Amino acid sequence: MVLFRRKRLLPTFSCCVILLLLTPSQGDSNSSDNSEQSYKIAQPLELTPKLSMQLKLHAFLLWSSVGFLMPIGVLLIRVSSNVRSAKSIKVLFYCHVASQIVAVVLATAGAVLSISNFENAFNNTHQRIGLALYGFIWLQPLIGFLRPDRGVKMRSAWYLTHWLLGISICVVGVANVYIGLHTYQERTGRSARLWTVLLTVEVAAMAFVYLFQDRWNYVVRQEEAALVDEQSEGSMYPANDHKEIVVVP
């Protein structure tokens, strides 16, 4: 019972953490307003070759983590729910786990890079969302390893929590990549339109595959049902093994 209550409180606790990270306190309202005003009027960031390389590496690490590997992991586990072969299900599951572990490692590397080399005043949306994502990215694999066995009463609550948190991380992570590209363009004066278009194409393709899986499964079930009907009709009218001789006058 205590474990069940903890599982129910997890989504509420997650929402509270996000609100605390994104909403400044009243005591710091004046300082945050001043910092945001100074951020808005800041001169374009002068990129040195080292800083430019660090920004590109940070963007690549976070895109490959929350923008690619985590959505791929979601697609893999979604496909496994419609596979009948036990061996295929096992392979897809381990691919899902591997992709998520690599995604967490890459996100951790991106976090270390940003904390050690960039300004971390957390006075803008990109940094605050990134901080919240780092916490939930590290929390998600912990929830995954605490998976109850099939048939246990807590299995459905665990599945819902794990699924909602994973989808939320993917959606918010991709959104933060867009925000990061916009921030990069705003601070450096360099165009990020090409990368924005490529990211949009990738997200659209993954969303199409995610939504198309249910429709494809429906089509497969309809074909199987039609095949069963044909076989049942054939059994009602058995074929005649004797050849008919047609006499041509």
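**Helix packing, ring pairs and burial**

The structure, a predicted model, holds five aromatic pairs, a pair being rings of Phe, Tyr and Trp (its six-membered ring) with centres within 6.5 Å. In this predicted model, local features need pLDDT of at least 70 and side-chain atom pairs pLDDT 80 or more, while totals for chains, interfaces and linings use all residues. Residues are numbered from 1 along each chain as its sequence is written, and side-chain values use heavy atoms, without hydrogens and water.

Me: Why is the pair of Tyr-134 and Trp-138 called stacked?

Reply: The ring planes stand at 20 degrees and the centres are 6.2 Å apart. Planes under 30 degrees apart count as stacked, over 60 as edge-to-face and the rest as tilted, so Tyr-134 and Trp-138 form a stacked pair. Both residues lie in helix α5, four residues apart, about one turn of the helix.

Me: Which residues do ring pairs link into a cluster?

Reply: Phe-60, Trp-63 and Phe-68 are linked in this way.

Me: What makes Tyr-134 buried?

Reply: Its relative accessible area is 11%. Buried means under 20%, exposed over 50% and partly exposed in between (1.4 Å probe, protein chains only), therefore Tyr-134 is buried.

Me: Why are α4 and α5 called roughly antiparallel?

Reply: Helix α4 (residues 86-117) and helix α5 (residues 125-145) pack at about 150 degrees, with axes 10 Å apart. Angles under 35 degrees count as roughly parallel, over 145 as roughly antiparallel, 65 to 115 as roughly perpendicular and the rest as oblique; α4 and α5 are therefore roughly antiparallel.

Me: Which residues of α4 and α5 meet?

Reply: With contact meaning heavy atoms within 4.5 Å, Val-104, Ala-107, Thr-108, Gly-110, Ala-111 and Ser-114 of α4 meet Tyr-134, Ile-137, Trp-138 and Pro-141 of α5. By class, this contact has seven nonpolar, three polar and no charged residues.

Me: How do you know that Cys-170 counts as buried?

Reply: Cys-170, in helix α6, has 9% relative accessibility and so counts as buried. Not counting residues up to four places away in sequence, Cys-170 touches Val-66, Met-70, Pro-71 and Val-74. The C-alpha atoms of Cys-170 and Leu-133, 37 residues apart along the chain, are separated by 9.6 Å.

Me: What makes Thr-161 buried?

Reply: Thr-161, in helix α6 (residues 155-188), has a relative accessible area of 11% and is therefore buried. Its C-alpha atom is separated by 9.5 Å from that of Gln-140, 21 residues apart along the chain.

Note on methods: Axes are lines fitted to C-alpha atoms, for helices over the stretch in contact, and angles run from 0 to 180 degrees between N-to-C directions. Helices (H or I, at least four residues) and strands (E, at least two) are DSSP runs, numbered from the N terminus. Ala, Val, Leu, Ile, Met, Phe, Trp, Tyr, Cys and Pro count as nonpolar, Asp, Glu, Lys and Arg as charged, and the others, Gly among them, as polar.
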